[in-house]
Amino acid sequence: MSNIIAIVGRPNVGKSTLYNRLTESRKAIVDDMSGVTRDRHYGQAEWVGKTFTVIDTGGYVHGSEDIFEAAIREQVLIAIEEASVILFMVDVTVGITDLDDDIAHLLRRSNKPVFVVVNKVDHHQLHTDASTFYALGLGEIYNISSMTGSGTGELLDEVVKHFDEVQEDEGSLPKYAIVGRPNVGKSSFINALIGKERNIVTPIAGTTRDSIQIHYNQFGHEFMLIDTAGLRRKTKVKENIEFYSVMRTIKALEEADVVILMIDATEGLESQDVNIFHLAEKNKKGVVLLVNKWDLVDKDHKTLKRFEEEIRNKTAPFTDYPIVFTSVIEKQRIFKAIEVATKVYENKYKKIPTSKLNDVMLPIIENYPPPATKGKYIKIKYVTQITGRSPMFAFFCNLPQYIKDPYKRFIENKLREHFDFTGVPIQIFFRQK
């Protein structure tokens, strides 16, 4: 099970700045105007060897103040239900507002670990002012400045103590997660796959309450299907159904070996799909892209190629993954999708013998050695595959620190060319011989 940190709070307290700091990115737009975060942002972060997903819940809904505040409350409710740890952000320069009180009231009733993060504590005097937030009744407060980063280390030290240990279950069946935005056809795909013979299917409630695992065993294929389609539309979750689906998707993605990302052919690859794609890649999962509703697209002989190119451009630099065009309604290429996922799963756990690796890669490296840096020549002597849950290769050389990214990409392309790692992210390390 994955660990998810949700950052909640009213607009303009600095949630996006903290998100950027934790994920070491500049993805979330930061602005003095409140309510700038319209898109959902989620990214990977790591602290003391533990990786986790961070979600920046923004002021999401346009409209009157009432709708706006209702939407924020709604997001807090979703975060309480789905996240492992909640960071409740407040602003020391403003003090406790009515909306802060409201959010605190919801959080006090939850049984999730909640951290009150007092932001904008930029100098000593403000440390004293921050103590007013003890009045929220949520226990210890953590003073930080998300702008300068002070205090974030101490906060994360405490946060990671509340994480669940991620269990690796060896030797179990392959797990394929069907993910994608609402209404792309995930439920129909699963129903078409399973057919009417429900007796071969044993729904096992997953480790998390949100994704159902279905045991599939027919036509020579046996695997666990993690279904994120059953988005029960709860009364509390109206406007934020998208946010809710994202949180569940992340959990399912962390449980899976291969992520089958389903998109709607009539809408193409949207920013949320690209986010999920890169999250799967960062988590070293196998990836298959399923373009559903292909029957609704007006086609000529170039349409498919054009569509594929467009998708791969949006997901670059990782472009070596299979794309399957399906129509669930017409039952076209549904089983092809499963065959492709099985091949990607095999690629993920493929082991290349060291002798074969060296026979293939060393002559290539000899013909195209890494460029010399500062007059120093880099000699790569030996390559081996490291044991892991995704393909990892170590190249031993005299000056690993001088090898740049373009050469790493060249090596990765050659590995893909000769050993077929379609659908799987590869990690390459250069080490001192």
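**Chat: cores, strands and salt bridges**

Colleague: Ground rules, please.

Modeller: This is a predicted model, where local features need pLDDT of at least 70, side-chain atom pairs count only at pLDDT 80 or more, and totals for chains, interfaces and linings use all residues. Numbering starts from 1 along each chain as its sequence is written, and side-chain values use heavy atoms, with hydrogens and water left out.

Colleague: Back to the core. Which members of the largest nonpolar core touch the most other members?

Modeller: Val-291 is one of them, along with Phe-88, Leu-107, Val-116, Val-118, Leu-289 and Ile-311. This core has 59 residues. Apart from it lies another core of 27 residues, including Leu-225, Leu-290, Ala-341 and Tyr-345. A nonpolar core is a set of buried Ala, Val, Leu, Ile, Met, Phe, Trp, Tyr and Cys residues joined through side-chain atoms within 4.5 Å. Buried means under 20% relative accessible area, exposed over 50%, and partly exposed in between (1.4 Å probe, protein chains only).

Colleague: What share of the chain is buried?

Modeller: Buried residues are 55% of the 433 in the chain. Its accessible surface is about 20,400 Å², with 50% of that belonging to carbon and sulfur atoms. Those areas come from the Shrake-Rupley method with a 1.4 Å probe; for residues, only the protein chains shown count as cover.

Colleague: How many helices and strands?

Modeller: The chain has 12 helices and 16 strands. Both are DSSP runs numbered from the N terminus: helices are H or I, at least four residues, and strands are E, at least two.

Colleague: Which strands does β1 pair with?

Modeller: β1 runs parallel to β3 (residues 50–56), joined by 4 bridges. Ile-7 has Asp-56 as its bridge partner in β3. β1 also pairs in the parallel sense with β4 (residues 85–91), over 4 bridges. There, Ala-6 has Ile-86 as its bridge partner. Strands pair if DSSP finds at least two bridges between them.

Colleague: Switching to charges. How many salt bridges does the structure hold?

Modeller: The structure holds 11. A salt bridge is a side-chain nitrogen of Lys or Arg within 4 Å of a carboxyl oxygen of Asp or Glu. Asp-91 and Lys-120 form one, with the closest N and O atoms 2.9 Å apart. Asp-91 is in β4 and Lys-120 in the loop between β5 (114–119) and α4 (124–130), so the pair ties together parts 29 residues apart in sequence.

Colleague: Is Asp-91 buried or exposed?

Modeller: Asp-91 counts as buried, at 3% relative accessibility. Lys-120 is partly exposed, at 24%.

Colleague: Which residue does Asp-320 form a salt bridge with?

Modeller: Arg-416, with the closest N and O atoms 3.1 Å apart. Asp-320 sits in the loop between α9 (303–315) and β13 (323–325), and Arg-416 in helix α12 (residues 405–419), 96 residues apart. Asp-320 is partly exposed at 23% relative accessibility, whereas Arg-416 is buried at 10%. Asp-320, Glu-412 and Arg-416 are linked in a network of salt bridges.

Colleague: Now confidence. What is the mean pLDDT of the chain?

Modeller: The mean is 81, and 83% of residues reach 70 or more. pLDDT is the predictor's confidence in each residue, from 0 to 100. Confidence is highest in strand β12 (residues 286–292), at a mean of 95, and lowest in strand β8 (residues 202–205), at 38.

Colleague: Where does pLDDT stay under 50?

Modeller: Residues 27–40 are one such stretch, with 45 contacts beyond four places in sequence in the model. Residues 59–64 are also below 50, with 18 contacts beyond near neighbours in sequence. Where pLDDT is low, the predicted coordinates should not be read in detail.

Definitions and conventions
Contact = heavy atoms within 4.5 Å.
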